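Please look over the structure shown here. The report below goes through it by region.

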Amino acid sequence: MFLLVGEVDLNSRPSAVTEFAALFPHAEVVVQSGARHFPWLDDADAFVAATAAFIG
């Protein structure tokens, strides 16, 4: 499971996403620096890089 959250997301806070991820074995959380609720709009390159790295 891959969870990517924006660092300054007010709807899905990184701390809450990290707690949620702990419920699943092998879950990976990535916090995108400076991003809000739609990280692909804030920094598309960082979003694609993180997602591509997870997919392999």
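The sections that follow cover the strands, the loops and the charged side chains.

## Basis

The model is predicted.

## The β-α-β unit

β1 spans residues 2-6, and α1 spans residues 14-21. Strand β2 covers residues 28-32. Together, β1, α1 and β2 form a β-α-β unit of right-handed sense.

β1 and β2 run parallel, joined by five bridges. Leucine 3 has valine 29 as its bridge partner in β2. Valine 5 is partnered by valine 31 in β2. In a regular strand, side chains alternate between the two faces of the sheet.

## Inside β2: valine 30 and glutamine 32

Valine 30 sits in strand β2. Beyond its neighbours within four places in sequence, valine 30 is in contact with Phe2, Leu3, Leu4, Val5 and Ala50. Arginine 13 is 17 residues from valine 30 in sequence, and their C-alpha atoms are 12 Å apart.

Glutamine 32 also belongs to strand β2. Is its side of the story buried or exposed, judged by relative accessible area? Glutamine 32 has a relative accessible area of 5%, so it is buried. The cut-off for buried is under 20%. A polar atom of the glutamine 32 side chain lies 3.3 Å from the backbone oxygen of aspartate 43. A polar atom of that side chain also lies 3.5 Å from the backbone nitrogen of phenylalanine 47. With neighbours up to four places away set aside, the contacts of glutamine 32 are Leu4, Val5, Gly6, Glu7, Pro39, Asp43, Ala46 and Phe47.

Aspartate 9 lies in the loop between β1 and α1. Aspartate 9 is buried, yet it has no salt bridge. Which side chain of opposite charge is nearest to aspartate 9? That is arginine 13, at 7.7 Å. A salt bridge needs a side-chain nitrogen within 4 Å of a carboxyl oxygen.

What the aspartate 9 side chain does reach is backbone. The backbone nitrogen of asparagine 11 is 2.7 Å from the side chain of aspartate 9. The backbone nitrogen of serine 12 is reached at 3.1 Å. Setting aside neighbours within four places in sequence, aspartate 9 is in contact with Pro14, Ala35, Arg36 and His37.

Leucine 10 is in the loop between β1 and α1 too. Its relative accessible area is 66%, so leucine 10 is exposed. The cut-off for exposed is over 50%. Leucine 10 and alanine 49 are separated by 39 residues in sequence and by 23 Å, C-alpha to C-alpha.

## The loop between α1 and β2

Histidine 26 occupies the loop between α1 and β2. Histidine 26 is not a glycine, yet its phi is positive, at about 65 degrees. Most residues other than glycine have a negative phi. With a relative accessible area of 77%, histidine 26 counts as exposed.

## The loop between β2 and α2

Glycine 34 is in the loop that runs between β2 and α2, the latter at residues 39-42. Glycine 34 has 43% relative accessibility and therefore counts as partly exposed.

Which residues does glycine 34 touch, not counting residues up to four places away in sequence? They are Glu7 and Val8. Glycine 34 and valine 8 are 26 residues apart along the chain, and their C-alpha atoms are separated by 6.2 Å.

## The salt bridge

How many salt bridges does the structure hold? The structure holds one. Side chains of opposite charge can pair when their charged atoms come close. Here the side chains of arginine 36 and aspartate 42 meet, at 2.7 Å from N to O.

The two partners can be set side by side. Arginine 36 counts as exposed because its relative accessibility is 51%. Aspartate 42 has a relative accessible area of 29%, so it is partly exposed.

Conventions:
Residues are numbered from 1 along each chain as its sequence is written. This is a predicted model: local features need pLDDT of at least 70, side-chain atom pairs count only at pLDDT 80 or more; totals for chains, interfaces and linings use all residues. Side-chain values use heavy atoms; hydrogens and water are left out. Helices (H or I, at least four residues) and strands (E, at least two) are DSSP runs, numbered from the N terminus. Buried means under 20% relative accessible area, exposed over 50%, partly exposed in between (1.4 Å probe, protein chains only). Lys and Arg count as positive and Asp and Glu as negative; His and the chain ends are not counted. A polar contact is a pair of N or O atoms within 3.5 Å; within protein, one must be able to donate a hydrogen and the other to accept it, and residues adjacent in sequence count only if both atoms are side-chain atoms. Contact means heavy atoms within 4.5 Å. Two strands pair if DSSP finds at least two bridges between them. A crossover is right-handed if, with the strands pointing away from the viewer, the path from the first strand over the helix to the second runs clockwise.
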